[in-house]
Amino acid sequence: MTPSTPQLPVTLRVNGVPRTLTLDPRVTLLDTLREHLHLTGTKKGCDHGQCGACTVLVDGTRLLSCLTLAVMHDGQAVTTVEGLGTPDALHPLQDAFIRHDGYQCGYCTPGQLCSSVGTLDEIARGVPSHVTADLDDVSFSAEELRERLSGNICRCAAYPNIIAAVSEVHAAQNGTAQPEKGQ
Ligand code: FES
Ligand code: FES
């Protein structure tokens with residue numbers, strides 16, 4: 001007889017709402033969001049950490065939800081694309097993606113948006129990237145943006161428009177001129 005898998009209680013604060021579940025501890029955060037909470041905005045592209053379609057924010061930091069187990073995040077806050085904005089009250093990045101044609105099929109877009117939110121926060125907090133020349137001076141540039149978003153694959157190749165959209169939001173938030181366009 002096969003022994004049954006133990007089930008564990010997990011409470012996640014998803015888009016501001018506490019959600020308590022009883023889960024097989026092997027269930028990923030991505031499958032928890034999509035299959036157990038029916039929040040299908042977060043996409044499963046590769047399920048192997050290679051495409052970025054499943055990116056969400058956990059306690060404000062971007063994370064690939066296909067590579068992490070839900071039980072590891074008991075008590076933490078998870079933000080998905082559903083929690084960024086609504087059709088009547090878009091997040092500034094959602095609004096900018098629309099105006100800049102930052103998507104075509106839209107499959108990668110929830111991950112691109114969550115990753116962009118996390119990226120702008122990382123730059124604001126001075127978190128360096130692989131292309132940061134001076135670790136004491138982390139500043140916004142198109143090169144920084146391209147590097148930090150390089151884990152989010154877009155098969156429709158909307159990259160230049162995504163960079164333009166995120167650059168515009170950064171400039172609006174910081175009262176600065178936009179860096180050069182394109183990728
Ligand atoms: S589905 Fe998670 S990185 Fe592709
Ligand atoms: S908009 Fe189609 S994959 Fe990015």
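Predicted model: local features only at pLDDT ≥ 70, side-chain atom pairs only at ≥ 80, totals over all residues.

Biologist: Where is Gly-41 found, then?

Modeller: Gly-41 sits in the loop between H1 and S3.

Biologist: Which residues is Gly-41 in contact with, leaving aside its neighbours within four places in sequence?

Modeller: Those contacts are with Thr-80, Val-81, Glu-82 and Pro-110.

Biologist: Why does Gly-41 count as partly exposed?

Modeller: A residue is buried if 20 or more other C-beta atoms lie within 10 Å of its own, and exposed if there are 12 or fewer. Gly-41 has 18 other C-beta atoms within 10 Å, so it is partly exposed.

Biologist: Where does Asp-47 lie, and what is its phi?

Modeller: Asp-47 belongs to the loop between helix H1 (29–36) and strand S3 (55–58). Its phi is positive, about 65 degrees, although Asp-47 is not a glycine. Asp-47 is partly exposed because 15 other C-beta atoms lie within 10 Å.

Biologist: Now Ala-157, please. Is it buried or exposed?

Modeller: Ala-157 counts as exposed, because it has 11 C-beta neighbours inside 10 Å. Ala-157 is located in the loop between helix H4 (142–148) and helix H5 (159–174). The phi of Ala-157 is also positive, near 60 degrees, in a residue other than glycine.

Biologist: Let us change topic. Which domains does the assignment give?

Modeller: The domain assignment of the chain gives domain 1 (8–83) and domain 2 (92–174). Their C-alpha centres lie 21 Å apart.

Biologist: How many residues does the contact take from domain 1 and from domain 2?

Modeller: The contact takes 14 residues from domain 1 and 13 residues from domain 2. On the side of domain 1 that touches domain 2, the elements giving two or more residues are S3 and strand S4 (61–64). S3 gives the most to that side, with 3 residues.

Biologist: What is that side of domain 1 made of, by class?

Modeller: The side of domain 1 that touches domain 2 has 6 nonpolar, 6 polar and 2 charged residues.

Biologist: One last pair: how do the axes of H2 and H3 cross?

Modeller: The axes of helix H2 (residues 92–99) and helix H3 (residues 109–124) come within 10 Å and cross at roughly 125 degrees. That angle makes H2 oblique to H3. The crossing in which H2 passes H3 is right-handed.

Biologist: Which residues make the contact?

Modeller: H2 contributes Leu-93, Gln-94 and Phe-97, while H3 contributes Thr-109, Leu-113, Ser-116 and Val-117. By class, the contact of H2 with H3 has 4 nonpolar, 3 polar and no charged residues.

Technical notes. Residues numbered from 1 in each chain as written. Chains lettered and ligands numbered in written order. Helix = DSSP H or I, 4+ residues; strand = E, 2+ residues; numbered from the N terminus. Domains from an automatic or database assignment. Contact = placed C-beta atoms within 7 Å. Nonpolar A, V, L, I, M, F, W, Y, C, P; charged D, E, K, R; others polar. Axes fitted to C-alpha atoms, helices over the stretch in contact; angles between N-to-C directions. Parallel < 35°, antiparallel > 145°, perpendicular 65-115°, else oblique. Left-handed = near helix turned anticlockwise from the far one by under 90°.
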